[in-house]
Amino acid sequence: MNPARRCSALLSQLCGCPRGGPWYCRSDKVEGGGVKRTCFLLEASGLSTTGAMPVCPMGGSSSSSRLFGTLAQSLNSAPLVHPEPFLEEGPDQDLEHSLAELDADRLLKECEEALQRRPARPHRELVYPSSTVPCHHKHNPSIRIMQWNILAQALGEGKDGFIRCPPDALNWQERKYLILEEILTYRPDILCLQEVDHYYDTFQPIMARLGYYGSFLAKPWSPCLDVERNNGPDGCALFYRHSRFALQATAHLRLSAMMLPTNQVAIVQTLTCQITGRQLCVAVTHLKARSGWERLRSAQGADLLQSLRCITSLAGRQSKAASAMVPLIVCGDFNAEPSEDVYRRFTSSPLGLNSAYKLLSTDGQTEPAYTTWKIRPSGECCSTLDYIWYTHSALSVDCLLDIPTEEQIGPDRLPSYHYPSDHLSLLCDISFKEEPPRLM
């Protein structure tokens, strides 16, 4: 099977899950190296889920580059297929070989060549919090997590009104290289993205060829669809490196508020680390935007926390772990400052969550001054809206990527020629703490 056909086969692969309801899908290894998939309704656990929405094959991406071009040819040769939300774990040998074909260093170099006319991205340092003692044991290496609202292409060009950003700085043919350059520079083990509207024609095939499995969930009513020549709805995407993790379960959630479904979603995946053998639950979400919607965001946060409590408890019982719940990472654009009620809900949750980026502050209790900085017709907005939450009793933050200075960001703010989104990427290395002894 040639590489282009393997790539298309990956996109057209179906889960085979039953239709017609909110499903929780679990993958279990069986004798002989196969995988048994078990799918059952989540309603019994009180969870609300939805499958991925179809993506409209409009505004497709082409590229003059060798690597992007090869992928684009295989994807544009036929109408886009719309896979089910759950890709089968454990591909065959041909597919496994195709996933390793794209060399990360080579692609990063190509990105740098394509961006030669643009100024360099802000240089950012990895900071080691004074309150933590990094663990670099070979049997418990840290896990690199990246959180990023990458700015949907349709919104950046058609709705968001970044009045100080030159229109050609938002050209997808170059902006996609800036996004990919950021990801390739830090090479996370787990990547959580929001405002993804080029999942099927760019991120899924590229990330798959770099060794990641991905999951995508679109907003039910994406504002991208109001933009002419859009590329389909935007949504959340979650990628994990398949050499590091094995998928145990996936839940696609449509968040509710006051018992009513909303337009915001979340993806939750339970993973097993193939080095430590320990489980980790990872969630990505994007809460309701704009001032005046604080109560809705609070209700969405409460709904997500309840779902996460059910999922981590269920995973803990199934794994027979020493602790009752599986450790949790929650990444997202919460569209909420630390003063909002939804932030307080997360800090006081029974799940025992802490915000990783507080560890950059001197007292370890203060969030960064901003994670997004933009200028719209309504004025300048400099806010902290993005977070990486973690179970502080089970996980330790080893280091974090610092926040660029005002000078590095520049007077025209974000996005710009040197940065592709109005939100900064967040990144931290996290490791498992030693498990408590089992009770006999």
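1. Arg121, Arg124, Glu181 and Glu182 are joined in a network of salt bridges. The model is a predicted one, and its salt bridges come to 19 by count.

2. A further salt bridge pairs Glu174 with Arg118, at 2.8 Å from N to O. Glu174 belongs to helix α6, while Arg118 sits in the loop between α4 (104–114) and β3 (126–127), so the pair ties together parts 56 residues apart in sequence. Glu174 counts as buried because its relative accessibility is 16%, under the 20% limit. Arg118, at 8%, counts as buried too.

3. Asp189 and Arg244 also form a salt bridge, with their closest N and O atoms 3.8 Å apart. Asp189 lies in the loop between α6 and β5 (190–196) and Arg244 in the loop between β7 (235–241) and β8 (245–257); the pair therefore ties together parts that are 55 residues apart in sequence. Arg244 is buried, with a relative accessible area of 7%, and Asp189 is buried at 11%.

4. In the salt bridge of Arg413 with Glu406, the closest N and O atoms are 3.0 Å apart. Arg413 is buried, at 10% relative accessible area, whereas Glu406 is partly exposed, at 44%.

5. Helix α6 (residues 172–186) also packs against helix α7 (residues 199–209), at an angle of about 35° and with the axes 12 Å apart. The crossing is right-handed. From α6, Trp172, Ile179, Leu180 and Ile183 meet Thr202, Phe203, Ile206 and Met207 of α7. Sorted by class, this contact of α6 with α7 has 7 nonpolar residues, 1 polar residue and no charged ones.

Key
Residues are numbered from 1 along each chain as its sequence is written. This is a predicted model: local features need pLDDT of at least 70, side-chain atom pairs count only at pLDDT 80 or more; totals for chains, interfaces and linings use all residues. Side-chain values use heavy atoms; hydrogens and water are left out. Axes are lines fitted to C-alpha atoms, for helices over the stretch in contact, and angles run from 0 to 180 degrees between N-to-C directions. Helices (H or I, at least four residues) and strands (E, at least two) are DSSP runs, numbered from the N terminus. A crossing is left-handed if the near helix is turned anticlockwise from the far one by less than a right angle, and right-handed if clockwise. Contact means heavy atoms within 4.5 Å. Ala, Val, Leu, Ile, Met, Phe, Trp, Tyr, Cys and Pro count as nonpolar, Asp, Glu, Lys and Arg as charged, and the others, Gly among them, as polar. A salt bridge is a side-chain nitrogen of Lys or Arg within 4 Å of a carboxyl oxygen of Asp or Glu. Buried means under 20% relative accessible area, exposed over 50%, partly exposed in between (1.4 Å probe, protein chains only).
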